[in-house]
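Student: I've got a model open and I'd like to learn how to read it. Can we go through it together?
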Amino acid sequence: DGKMSADKADKIVQDWLRLTIYNYAYSIAKKPTKEERREALEYIKRTDPIFYDDVKAKAKEIYKNGK
């Protein structure tokens, strides 16, 4: 939602954030059904809401490019 930014964080922190987002997104994008993908995104929204927007966007990108 734009309230938090890691732009000024150390590179290692930024890399960790990118890797975390990618791992979440990849696991969601590889779910076999749309319903499973939706449920997985909802889980992220509940458990790690600060990652939700980035994970959702990256999961869509992975899904579109991976099929």
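**Helices in contact**

Tutor: Start here: Tyr-24, Ile-28 and Ala-29 in α1 meet Arg-37, Ala-40, Leu-41 and Ile-44 in α2. Contact means heavy atoms within 4.5 Å, and helices are DSSP runs (H or I, at least four residues) numbered from the N terminus. The residues of this contact divide into six nonpolar, no polar and one charged. Ala, Val, Leu, Ile, Met, Phe, Trp, Tyr, Cys and Pro count as nonpolar, Asp, Glu, Lys and Arg as charged, and the others, Gly among them, as polar.

Tutor: A word on the source: this is a predicted model, where local features need pLDDT of at least 70, side-chain atom pairs count only at pLDDT 80 or more, and totals for chains, interfaces and linings use all residues. Residues are numbered from 1 along each chain as its sequence is written, and side-chain values use heavy atoms, with hydrogens and water left out.

Student: At what angle do the axes of α1 and α2 cross?

Tutor: Two packed helices are described by the angle between their axes and the distance between the axes. Here the axes of α1 (residues 11-29) and α2 (residues 34-47) cross at roughly 155° and come within 8 Å. α1 and α2 are therefore roughly antiparallel to each other, a label for angles over 145 degrees.

Student: Is Glu-36 buried, partly exposed or exposed?

Tutor: Buried means under 20% relative accessible area, exposed over 50%, partly exposed in between (1.4 Å probe, protein chains only). Glu-36 is found in helix α2, and Glu-36 is partly exposed, with a relative accessible area of 32%.

Terms used
Axes fitted to C-alpha atoms, helices over the stretch in contact; angles between N-to-C directions. Helix = DSSP H or I, 4+ residues; strand = E, 2+ residues; numbered from the N terminus. Parallel < 35°, antiparallel > 145°, perpendicular 65-115°, else oblique.
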